[in-house]
Amino acid sequence: MSYLWVDKYRPKTLSELSHSYDITAKLENLSSATSNINNIPNILVYGPNGAGKKTRIMALLNRIYCQDSNQIYKLKIDVRQFKINSKSLELNVISSPYHIEITPSDLGFSNDKIVIQELIKELGSTSHQFTPTSSSTTGETQHVRFKTIVINDANKLSKAAQHALRRTIEKYSKNIRIIMCCETLSNIIDPIRSRMLNVRLSAPSQPEFQNIVKDVSLKESVTMGDIFINKLSVLCRGNIRLGLLTLENMAVLKNMDLSGADINVIKPDWMVCIDKICLLTLKNKTVDTVLTIRGIFYDLLAHCIPAELILQKIVEWILENAELVKLRQDKITTVIYYASIFDERLKLGSKDIFHLEGFITKMILEI
Amino acid sequence: MSSKNLGISQFFKSKNGSNKSSPTKKEDIIMLSDSSDGEGEDIILSSNTSKAPTEISNVGCPSFNKQEAVGKDNTVDELVCEKKSYTNIQDLLNDIPSVDLDNVTTKVVDVKSFFKGETQADLSAAGTVDEDSFADGATDCLLGLTIVFTGVLPTLERGVAEQIAKKYGAKVTKSISGKTSVVVLGDEAGPSKVSKIKQLKTKCITEEGFRQLINGSPETGGSSIDAKKAFEKRLKDEKLMEAQIKSQIEQQNKDELLNGNKKINSGELRSDKQHSSEYRLKTNDSLKLWTQKYAPKSLAEVCGNKTLVARLQTWLSNWDTNYKLGFKSPGKDGNGIYRAAMLSGPPGIGKTTAAHLVAKSLGFEVVEKNASDVRSKSQLNEKVKALLGGTSVNSYFEYTAEELKQNKNLKKFVLIMDEVDGMSGGDRGGVGALTAFIRKTQTPIILICNERRIPKMRPFDRICLELPFRRPDAKSVIPRLMSIAYKEKFKLEPAAIEQLVAVSGGDIRLMINILNVSSKTDNQGITRNNISSLASSAEKDVSVKIFDVTSQLLSGAFYGSIGSARFPLWKKMELYFSEYQFCSLMIQENYITTRPSQIPAGKSHLQLLSQASDDISLGDVVDKNIRSGEQLWGLMPAHSIISSILPASRIAGAPSRINFASWLGQNSTKGKFVRLLQDLFYHSKICTSGTKTDFRTEYIPTLKQVLLLPILANGTSSILNVIETLDSYYLSKDDWDTIMTFLIGPQDTTADLKKIPTAVKSAFTRQYNSMKHPVSSYHIATAVTSGGALTEKADLEEAIDQEEVEPKEDEDYDENNDDIATTLKKDKLLSLAKPRKRTAGGAASKKTVKKRKL
């Protein structure tokens with residue numbers, strides 16, 4: 001098996017997790033053999049990208065169902081079909097014998113409700129019983145009487161779908177548990193939040209992040225200097241996934257030697273493009289610049305970089321480089337002001353490029 | 001009012017003076033012959049003849065004598081000038097104040113001091129003026145003048161002004177030359193034009209001057225030489241036209257007579273039924289639409305495109321000879337290699353008629369298939385294919401044996417495929433089938449279409465004789481329409497026809513239809529006075545194209561106090577609604593490249609741009625409310641303003657070349673990549689973490705590096721490693737290609753991909769195809785989707801394969817993966833994941849078990 005390092009060294013059990021130990025401890029308590037395992041609440045995990053939300057959820061399930069015997073990682077993907085008004089929709093369902101993982105937002109904003117109505121109810125109306133496979137525990141083994149449904153991208157659920165979920169969660173709580181996973185709570189309605197155990201998983205601290213990266217580079221025998229790891233942690237902002245992927249990217253490129261003093265971290269292709277946009281807006285305050293930037297925007301959007309992310313990265317760039325390009329404080333405030341206006345427009349409207357262009361012309365004008 | 005202008009008018013006089021004597025004589029002769037010929041000739045011509053006497057009476061008018069006195073007095077002020085009646089237009093022209101060219105505002109130079117006050121005063125007083133209320137001059141009072149309009153006139157729209165000028169007999173041109181007699185100068189005239197005026201010292205007047213010119217000018221331009229010359233020329237033209245009309249009418253009468261006789265003669269030879277039906281159609285001519293009734297009945301009657309029709313005729317007549325030569329020799333005119341001809345051109349110019357007439361004139365039997373027939377591949381094969389080698393049976397009934405012997409064509413078909421560009425939708429494979437027919441047909445085929453250049457018509461390239469029909473010009477249309485008018489006892493002025501041609505865009509059928517309609521609704525016929533109203537009613541039916549909508553909305557002349565008065569908001573909204581789906585997209589596409597004509601004080605182009613893009617962004621929010629969720633279509637008017645008119649008004653000026661909205665293309669590219677990403681994401685989902693976006697933003701750059709760099713660096717030796725990585729992530733070779741297309745900017749992989757030697761590439765493909773690969777996703781049996789059938793089949797086959805190999809595979813597993821392997825075995829679906837080579841030995845043994853699919 002030749003996985004990328006990020007997948008190769010992903011923790012599989014709760015004990016292997018390497019940061020946010022307090023949360024790990026709570027999860028361990030929840031699923032420990034002493035408590036009633038069928039009392040586990042529905043959980044809503046949220047936190048920044050690459051902090052290990054999914055890893056933690058899977059480790060938890062591994063503990064609940066398999067007593068850390070890794071059976072939960074025997075996954076397969078089914079394609080489920082739904083029919084709406086003679087239009088048939090397909091949903092990829094990742095499943096193990098113990099749980100299923102779905103991303104209802106794949107079906108689009110107007111159709112995700114059907115997943116709740118059909119799939120979850122279907123699972124909820126049959127009873128399940130799993131016997132944890134471990135043999136090490138003494139005494140009687142507890143049967144797990146529920147199947148778990150992991151909902152990815154929960155913040156992208158439409159309001160209709162979320163309302164459909166409210167009662168479903170309670171009604172079928174005997175047979176199913178729901179674990180929702182998302183980056184931000186802002187789109188999730190209060191009734192759902194109140195039915196869930198909200199777990200905020202923050203990104204690892206700088207030392208924690210560096211330890212993880214160092215650990216992996218040691219295992220893969222990559223030589224690495226402090227300069228590199230500092231630059232890497234600046235780029236990744238605690239995103240472990242990005243950190244490990246960039247590490248491997250660089251290692252492949254530089255023949256496993258990242259110790260040079262003048263080493264520069266390669267940014268992902270799209271971030272390079274965003275840097276270019278920012279530089280253009282600062283340097284050439286002309287109408288032609290808008291036209292050039294439109295081309296880059298179109299390129300980014302066509303290659304699946306979400307407009308919100310573009311906006312976010314532009315603002316981050318300005319914040320990071322404000323001193324470098326000698327931006328006054330009030331100008332930064334203006335950028336953030338306009339970014340928030342057009343971020344809202346992105347949500348309210350449908351054609352991303354219109355709003356990005358609106359933002360960038362304001363930015364060229366104001367800073 | 002300077003001495004310069006006097007100089008010019010004198011220059012004109014002296015220049016033309018030498019010709020003066022001879023034309024006047026001619027004029028007399030023509031007028032004489034006119035009246036003698038015209039009597040009882042037709043109704044239309046009587047209007048001409050009636051004009052002639054008034055002309056003569058004018059000559060005798062005492063006002064003529066004042067000419068000299070007025071001509072000398074150049075300093076009379078305007079008030080006086082209006083009261084006088086001029087006999088010579090040049091004199092009047094001299095009296096009208098010239099524009100001070102140094103104070104004229106041009107588009108770029110922003111000096112408004114001269115015109116600003118005047119235009120606004122005018123606006124409040126008069127508002128916009130239409131053609132009729134502008135001025136009331138004598139008939140043909142501007143005859144002989146060549147007028148150029150430039151810039152924005154205070155009250156008149158450019159088009160209206162030109163129409164007025166034409167109505168009074170002036171010649172309107174777009175560019176200034178030595179022949180230009182007067183320039184009507186408005187606001188924001190082009191700087192190049194102004195300099196040209198200065199250079200040529202052409203007389204320059206304002207709109208007010210133009211009004212005076214019309215009001216004051218004598219009928220038919222008075223006694224000025226230019227006017228006379230023009231008047232003679234017109235009379236000559238009319239005379240010529242008259243002769244043409246007459247000959248055409250005679251020709252038609254003859255034809256009818258001939259046809260009638262022929263029919264009576266050949267009546268017995270024909271089958272009774274056909275004959276009687278045809279006869280009945282003939283007798284009920286008055287019931288027919290004019291377009292049918294006056295459709296050309298012989299080749300000579302076809303309007304315009306004479307050479308093309310002749311080419312078609314020679315091609316068709318030589319078809320048999322060329323057929324025998326196997327279409328190898330191009331022949332004298334180069335047409336000998338074509339088995340089919342393609343007539344293309346706008347509607348209503350006689351393509352179908354020409355094709356039918358040519359076939360008829362050469363004695364071919366016509367089989368026509370048009371858009372009303374189903375023309376799919378199967379239908380064509382079934383119904384048309386058989387025709388292509390056959391002979392006509394009809395001919396045996398219709399013609400005598402001698403006739404058939406003389407003209408072998410009579411036994412032949414010609415296949416006319418009309419409206420070929422309309423083959424679509426239901427006509428699946430029709431175009432392909434037709435091209436196949438053309439390559440081997442034994443029967444001539446004539447194809448007819450409107451749009452030759454669309455991609456759908458590309459298969460016909462180089463296998464057809466191309467005959468692009470053009471719109472006939474006014475000259476070739478006039479005799480035809482006049483003859484129709486004559487026959488229907490309908491009043492039509494030749495001068496009006498020119499406008500009719502312009503309105504209909506050269507569409508003869510439309511012109512005849514307009515005549516037909518107005519003959520029923522309008523008793524007075526079509527004259528130059530009511531043509532503009534007719535024209536505007538006909539024009540409204542022509543939809544405005546999206547490119548015109550965009551360029552109009554973005555042009556500066558439509559905004560500001562002058563523009564808005566002439567082109568109010570509701571008209572702009574009307575423009576939006578003529579293309580409501582694309583309008584906002586087009587504005588968004590083109591607003592950046594538009595150079596604003598008016599930048600308010602204290603603002604920059606960039607500020608205007610930013611405001612405009614802000615509006616466009618807001619417009620999109622409205623758009624979403626309209627199109628999704630609650631479908632608030634009532635917001636459309638608001639959308640029209642926010643998304644199109646408001647941003648356009650901010651930036652309006654000189655739009656550069658209007659581009660088509662690239663959003664549409666970009667959006668579909670995006671759709672494609674989203675699908676590709678979804679596939680990639682779910683193929684590898686079992687082993688990766690994060691959302692789809694994370695996969696794109698974080699995984700793909702690294703995956704690309706890991707999958708591409710070894711191949712670039714080590715070539716063939718690294719292929720196995722790369723394939724192993726692909727297999728670990730359940731990715732296929734296609735996915736490998738897909739990943740490479742995702743990167744943008746400096747890390748774009750196209751250059752790198754080109755660096756891979758072809759040998760390595762093909763080795764990669766060969767190696768990949770020779771191995772078995774795990775698949776992660778499984779379609780439930782009921783799930784049959786497009787393209788899914790293939791993968792499903794592959795799944796099954798591999799699944800069976802795996803089960804066969806399964807027992808001996810178990811030993812190959814590593815210790816640490818054993819736990820996974822045991823459960824893998826239990827799960828039939830996941831057993832697919834097994835044939836991965838954990839050890840070198842296992843890999844070697846596996847590779848020998850090769851299975852190639854077709």
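Let's start with the interface. About 7,100 Å² is buried between chain B and chain A, and carbon and sulfur atoms give 59% of that area. Keep in mind that this is a predicted model. Why quote an area at all? Interface size is often given as the accessible area lost when the parts come together.

Now the residues. On one side, 80 residues of chain B are in contact; on the other, 78 residues of chain A. The polar side of the story comes next. Across this interface of chain B and chain A there are 37 residue pairs in polar contact, counting pairs with both residues at pLDDT 80 or more. Which elements of chain B give two or more residues to the side that touches chain A? They are helix 29 (583-590), helix 30 (605-627), helix 32 (662-684), helix 33 (692-714), helix 34 (719-728), strand 12 (777-779) and helix 39 (818-826). Helix 30 of chain B gives the largest share, with 15 residues. By class, this side of chain B has 31 nonpolar, 33 polar and 16 charged residues.

Charges next. Side chains of opposite charge can pair when their charged atoms come close. Between chain B and chain A there are 11 salt bridges. One to look at joins Lys670(B) to Asp352(A), at 3.4 Å from N to O.

Over all chains, the search of the whole structure finds 38 salt bridges. Let me walk through some inside single chains.

First, chain A. Arg167(A) and Glu170(A) form a salt bridge, at 2.7 Å from N to O. How many residues apart are they in helix 5 of chain A? Three, within a helix that spans residues 159-171, so about one helical turn separates them. Here is the geometry behind that. An α-helix has 3.6 residues a turn, so residues three or four places apart point the same way. Is Arg167(A) buried or exposed? Exposed, with a relative accessible area of 51%. Glu170(A) is partly exposed, at 36%.

Also in chain A, there is a network of salt bridges. Arg237(A), Lys313(A), Glu316(A) and Glu320(A) are linked in it.

Over to chain B. Lys733(B) and Asp737(B) meet in a salt bridge at 3.5 Å, N to O. They sit four residues apart in helix 35 of chain B, residues 733-741, with about one helical turn between them. Lys733(B) is buried, at 15% relative accessibility. Asp737(B) is partly exposed, at 33%.

Another pair in chain B is Asp461(B) with Arg452(B), at 2.8 Å from N to O. Asp461(B) counts as partly exposed, at 31% relative accessibility. Arg452(B) is buried, at 14%.

Now to strand 5 of chain A. Why call strand 5, residues 147-151, largely enclosed by the rest of the structure? Because five of its five residues are buried. Look at which way they point. Lys147(A), Ile149(A) and Ile151(A) point one way, Thr148(A) and Val150(A) the other, and all are buried.

Strand 5 of chain A has partners. Strand 4 of chain A, residues 99-102, runs parallel to strand 5 and is joined to it by four bridges. There, Ile100(A) stands opposite Ile149(A). Strand 6 of chain A, residues 176-182, also pairs with strand 5 in the parallel sense, over five bridges. In strand 6, Arg177(A) is the bridge partner of Thr148(A).

Stay in chain A for one residue, Tyr46(A). Tyr46(A) lies in strand 1, residues 43-46. Tyr46(A) is buried, with a relative accessible area of 17%. How far apart in space are Tyr46(A) and Met180(A), C-alpha to C-alpha? 8.2 Å, although they are 134 residues apart in sequence. Leaving out residues up to four places away in sequence, Tyr46(A) touches Lys53(A), Cys182(A), Glu183(A), Leu185(A), Asn198(A), Val199(A), Arg200(A) and Leu201(A).

Last stop, helix 23 of chain B, residues 494-504. Eight of its 11 residues are buried, so helix 23 is largely enclosed by the rest of the structure. The buried ones are Pro494(B), Ala496(B), Ile497(B), Gln499(B), Leu500(B), Val501(B), Val503(B) and Ser504(B). Just after helix 23, Gly505(B) takes a positive phi of about 65 degrees.

That's the tour. Questions are welcome.

Definitions and conventions:
Residues are numbered from 1 along each chain as its sequence is written. Chains are lettered from A and ligands numbered from 1 in the order in which they are written. This is a predicted model: local features need pLDDT of at least 70, side-chain atom pairs count only at pLDDT 80 or more; totals for chains, interfaces and linings use all residues. Side-chain values use heavy atoms; hydrogens and water are left out. Contact means heavy atoms within 4.5 Å. Buried area is the accessible area (1.4 Å probe) that two parts lose on being put together, summed over both. A salt bridge is a side-chain nitrogen of Lys or Arg within 4 Å of a carboxyl oxygen of Asp or Glu. A polar contact is a pair of N or O atoms within 3.5 Å; within protein, one must be able to donate a hydrogen and the other to accept it, and residues adjacent in sequence count only if both atoms are side-chain atoms. Ala, Val, Leu, Ile, Met, Phe, Trp, Tyr, Cys and Pro count as nonpolar, Asp, Glu, Lys and Arg as charged, and the others, Gly among them, as polar. Buried means under 20% relative accessible area, exposed over 50%, partly exposed in between (1.4 Å probe, protein chains only). Two strands pair if DSSP finds at least two bridges between them.
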